[in-house]
Structure formats: structure tokens, C-alpha cells
Amino acid sequence: MIEKYLKGEERIVLALRSLYSKYGYLPYKMNKFEEYDLYAKNKDFLVSDGIITFTDIGGKLLALKPDVTLSIIKNASDEKGAKNKVYYSENVYRISGATREYKEIMQTGLECIGDLTLYDTYEVISLAGKSLGAISNDYVLEISHMGIISALLDKISSNEKFANEAIECIEKKSTHTIKAVCAEYGISKEDTEALCDFCALHGTPSHVISKLENMDVSQEFSACVEELKSIDALLRDDEGYDKIQIDFSLLNDMNYYNGIAINGFVNGVCECVLFGGRYDKLLDKMGKGCEGVGFAVYTDLLTSLDNSTSAYDVDTLVIYSKETDASVLKKTVEKLVSEGKSVSAQMVEPQKLRFKEKIEI
Amino acid sequence: MINVALPKGRLGEKVYQMFAKCGYECPSILENNRKLIFENEEKGVRYFWVKPSDVSIYVERGAADIGVCGKDILLEYEPDVYELLDLNIGKCRMAVAGKKDFFDDNTKTLKVATKFVNIAKKYYQGKCRDIDIIKLNGSIELAPILSLSDVIVDIVETGTTLKENNLEVKEEIVPISARLIANKASFKFKTEEIEKISRLLEEQVNIND
């Protein structure tokens, strides 16, 4: 009954909260404000560069939170063996789109921080898939591995400028530009070909992993492929395994992220609706001696999926006058409500109100 | 059905011919009328003409699955799209131009008139050169002639307009050509179709080379 009054995205948020609770993730409630310093120190980690700041009564510079992960990390315990599993549903404030205006963005997500094992990474990826499944049956969960990309680039060249340009090409699936970049930096023909093949490589986990296994790059590369393989083995039995793709054009900032990266797409939404990955480097930068993995679902993007438009605002419009006995009006309204109808009691018919029936008393 | 955003004008017509040669023809597009959308249901393709600078917006926002636009637009607006192929047509260059007798001696802030604010900013940032950008929307060549700016950053095709106005290319920033772009989400759900189109177009590019 209450479900009827929920918007599509609200229903999804409820489903996600229930899902995360089932797997032992605890709700995390945070303040709207955080000390600006936290974000200033980790500016590049933030998706958008604009932060709304203000000075509190004590003269401290505060910010309207542009991100949730940093606050969770700040408060997470890094005691040996500890594991912080939390989920959140929060608004963040960021600059968005070409107009570069501040927007309030609704995010629901989870973080797993502590001494992580293979199972923890699997669980987070699996929950990312289940989250997308709660939104729609038609989705794609994309997995990438930062370690594989950096190991390949390290083998080809130690030039940081080359690595940055190559990363940009991989991110855009621009094989034609990779060739030009490799030529500019004097990369060998074999390495150029390997990089072009890698740039074009995407598809089902088994297809991509078998191609990666045939690449002789470095020990580090092979170790990352092994990790990907172990996670794939665990994911195989999951419902929705057929919706998982490996695609290395998915690249998170390598200064903060390492290991697995995940993105989620839902048919009907033109951008990525789920974003996450492993961020041990960020934890290290923040002085935490532990590991972390998590993701966020941009629930505000899901409004475009909800095409249900109601033909009426209320079922019944009850028109009464100043002379109407209030107890009669009360009885009429209560009776209609008990019949499951929505009612608006008005003295004159509102111009823009759409109603199924009108009762005058 | 694949939605394709084509840039209005000569480049768009060339691009359509390439698509048609790949087997994605839609004869109604050649009819002289005011229609905006052209569909060939059998081939599973729908074309629409849009302003060249808007192609990347249609693709980024998912109104079009794929589209063709100049590298200049991609560098200027940096849309979050895949850049799948260089079509090797619509070739020109992004360049700095100025009056023939102008010499930049680095002693004062350089006044730069351009439509391409982002490209100009990045180029001069890379050279650590202090500049004052003057955003114009057309007739950029007028700016140095009327001393509104020292130089311009603009697309140069043949260089005829520059020559006729006593201007010349001072520095080349980047070569430009038409690129096939794809919406990231569309690529996930229509991978096979988009990759097929890209592959067939690439074959044509290779033949033309």
C-alpha cells in the first residue's frame, strides 16, 4: 500500500538498503558539513572540483560534503583484523554538467574497509551486480583492474607523460590515437600492437581472461590476472553473471585507486549509474594502514527510468462550503480514505488539480 | 535500432555516403525537405542532422548512440564519450594565427581571440604563457586586424581567409579530422552493432588511404 506512494528511485533506495543490511553492512549517517581540510587534501579524488564552503561561528572553514567515502575513511578503524562494513544514502553537493552549477546529488552505496580478503572484494562486486539488478533486469556490470593497466604501461615505458596519454586513449577506446602516441614516444612496433589489442579488448570475463593469460608482460601483471580469475570463479555462480563484462576503458584515478574497478550501466540511462573500486592508495594517503573497496549508486540518475505518469493527482475532490458541518466533512473524507482513495477537501476547485471524481457536500 | 547524429553540412553528407557504402543507406535522407529524422527500419538505423558542435552533446546525453564530429569539438568540450575511429575526412588544423608583422616577444600578456576557449587555455598553459582570452563566436580573423587581440586560435583549412586578410599561421596546435564517437552506455547495450559499423567504416577509411 505504502509502496504506491513511493517514487521509482525511492523504491530502489529502500531495496538497496535492505540488500546491504542483509549482508551485514551497517547504516552510516553523516553530517551535512565536514571540515574543508579533508577535501582540500584529497581534491583529485573528488569527481568534481567545486566545493561549497562556508565559515562556521568559530571561524572554522567547513564544506557541504561533496563526497561520502572520505568521511567514512576518516572515521574507519584500521586496527588489525577489523573490518568496517557500512552503507549510506546521502546527498552530496557537486558542480555538474556543462553549465557548471552546483547540484544536490543523491547517492546510495557501501564501503568495506579493513583487512580485506578475496571474499570481501567478491562480495562488493557481487552486491554491485545485485544493486543493478534491483534497478532493472537490463544492466551491465563492468569490471576493470587498475593493476593490469599500470603493469602493462610500466613494461612498455617509464615515461609518465606517455602513460598519461596512453591512459586517455584507452579510456576513450581510441586505438587510432594510441598508434600516434606510441609513434611520438618511439614505442616499438610489438608494444604498440600489444597496446592497441589491449585497448580493443573487452567482453565476457572468460573471453578477456583467456586473452590476458596469453600476454607475457610481468609478474605483477600475471598476479593481477590471477586475482581477476579468482574473483571471476566466485562470481560464476551468481545470478546475473551473464551481465558482467570486463572492459579496461574503465579507468579510475590511479593515484587513489588500485586493483579492481567497477562501473554499472542500466539500459535507458545514458551515463554510468554505479561507480566504485578498490582504493588502498587513498587509505594510505590518509594514513590508514588498511584496505578499502566500495561503490556508490547515483540514484538521482534513475529518475529517467520512471516513466509512470499518473492521470490524476487525487482520486476524489470533495468540495464544501463555509456552511458545511466540519464533522460531516470529516466523515465524508474518512470514508473515502478508508475505501483506499486519495482525497482533497477544497472550498473551490483548484485550477491545476487533476481528479477522478468530484463530490460536493 | 542505432541512432546516428550527423553534422549538418558538407562533412555530414560525406559521412552519410560512408555509412551508405557500409550498407546503412537511408535514401530518404537525400530528399530535399525539412524533415529532421530519417529512418531505415530494415537496416536498423536512424539518422538525424544536428549542428556540428551539438553532435557530441546528442551522443554524450544518449539521444544518439553514435555520431560524427570534428576533433576540435572533442578537444573543446571534452565530452565523456568513446572516440572509436578517425574517419580521416574533414581534415584541417587548429592553429595560432596573427598579423604577418606580429611577433610574440613574451613581454606582456598575450591577447588571444577564439571560439575555442578550452583548447587555447590548455595550449598556452602547456607553454606557461600568460594570456587574456577573448571569446568570440564568429569572424575571428577580424580580431587581430582591429587590434582586439594579438593572435587568434582557430581552425585553418586552406589558409585562404588568413591570406586575404594579411594574416598567417604562427603555430600549429593540433591536426583536426572527423571522428566516430559513441555514447558509453549505448556501447554497452549495442556493442555488436556499434562495433560492426565502426569496423566497416574503418575498412572504408583504409581503402580511401
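Biologist: In which helix of chain A does A:Val333 lie?

Modeller: In this predicted model, A:Val333 belongs to helix H12 of chain A, which covers residues 326-338.

Biologist: Why is A:Val333 called partly exposed?

Modeller: A residue is buried if 20 or more other C-beta atoms lie within 10 Å of its own, and exposed if 12 or fewer do. A:Val333 has 19 C-beta neighbours inside 10 Å, and therefore counts as partly exposed.

Biologist: What makes A:Val343 a contact of A:Val333?

Modeller: The C-beta atoms of two residues in contact lie within 7 Å. Leaving aside neighbours within four places in sequence, A:Val333 is in contact with A:Val318, A:Val343 and A:Ala345. From C-alpha to C-alpha, A:Val333 and A:Val343 are 6.7 Å apart in space, while 10 residues separate them in sequence.

Biologist: How do you know that strands E11 and E12 of chain A pair, and in which sense?

Modeller: Pairing requires at least two bridges between the strands. Strand E11 (residues 274-278) and strand E12 (residues 291-298) of chain A have 5 bridges, so they pair, in the antiparallel sense.

Biologist: What is the order of strands in the open sheet of chain A, and which are the edge strands?

Modeller: The 9 strands run E1-E5-E6-E12-E11-E10-E7-E9-E8, with mixed pairing. Strand E1 (26-27) and strand E8 (202-203) are called edge strands because each pairs on one side only.

Biologist: Into which domains is chain A divided, and how far apart do their C-alpha centres lie?

Modeller: Chain A has domain 1 (2-27 + 71-305) and domain 2 (314-360). Their C-alpha centres are 52 Å apart.

Conventions. Residues numbered from 1 in each chain as written. Chains lettered and ligands numbered in written order. Predicted model: local features only at pLDDT ≥ 70, side-chain atom pairs only at ≥ 80, totals over all residues. Helix = DSSP H or I, 4+ residues; strand = E, 2+ residues; numbered from the N terminus. Domains from an automatic or database assignment.
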